[in-house]
Amino acid sequence: MIKRPVIDTLEFAHKAQHQTLQLRPEDFSRLTEESVIVNDIVTANVTGGVQEDGKPFVDIEILSGLQQTCQRCLGFFDLQINSRSRFIIVTREDQLCDIGQEEQDVNTIIAEKELDVVSFVEDELLLALPMVPLHEDGDCESPQISSEHTSLTSPFKGLK
Ligand SMILES: [Zn+2]
C-alpha cells in the first residue's frame, strides 16, 4: 500500500504542479469484485493549472484496463478507461451553483487544504465504469442471442 498523498488544491493549481500515481487494486476500497484491474495498475495523472479566465483547476486523467463480468451472459470483457476530467476550484459553496452555466465535462470542487488524491481518483474511476457492465449487442455468449444471430447470418441469404 502506498502512502496516500494529499494535495492543497489551490496551491497545486497555482504552482501548476503535477503528480502521476500508479495505483493498485487494494488502493480502491469501493471497487467491486466484478471489476478486475488488468495488470494490477491504474495510472492517474493529476495536473494543476490556471485557465485563461483566471480560474484555478485540477485535471485528472485516468488510464486503466479493466476486466468486467457481463451481467447478461456472465462472460468477461475488457474495458479500456481513458478518462479526462477538469475540476474548477472554487472557494465558496455558493459558487458551486454555477455548474449549470458550465460546459459539459467541467466540474467544480471546493478548495481543500488536504485533498485525498487517491479517493478523488477512485471517485472518477467509479464514474467511468458502466452502471451495468454488458457486452456490446451481439457479443454475448448467451444461447438466445446466438440463435438470433444465426438467423441474421443465414448462409441462404447470400444465395439468390
Ligand atoms: Zn455478455
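Two residues are taken to be in contact if their C-beta atoms, placed from the backbone, lie within 7 Å. On this criterion, among contacts in the protein chain between residues at least 6 apart in sequence, 63% join residues at least 24 apart. The model is predicted, so that local features need pLDDT of at least 70 and side-chain atom pairs count only at pLDDT 80 or more, whereas totals for chains, interfaces and linings use all residues. Residues are numbered from 1 along each chain as its sequence is written.

The protein chain contains three helices and seven strands, assigned as DSSP runs (helices H or I, at least four residues; strands E, at least two) and numbered from the N terminus; from that terminus, the order is β-α-β-β-β-β-β-β-α-α. Strands S3 and S4 run antiparallel and are joined by twelve bridges, with valine 46 partnered by isoleucine 60 in S4; strands are regarded as paired if DSSP finds at least two bridges between them. Five residues separate S3 from S4 in their hairpin, where glycine 54 in the turn has a positive phi of about 90 degrees. S4 is also joined to S5, in antiparallel fashion, by 13 bridges.

Buried residues (20 or more other C-beta atoms within 10 Å of their own) make up 17% of the 160 residues.

Definitions and conventions: A residue is buried if 20 or more other C-beta atoms lie within 10 Å of its own, exposed if 12 or fewer, and partly exposed in between; C-beta atoms are placed from the backbone.
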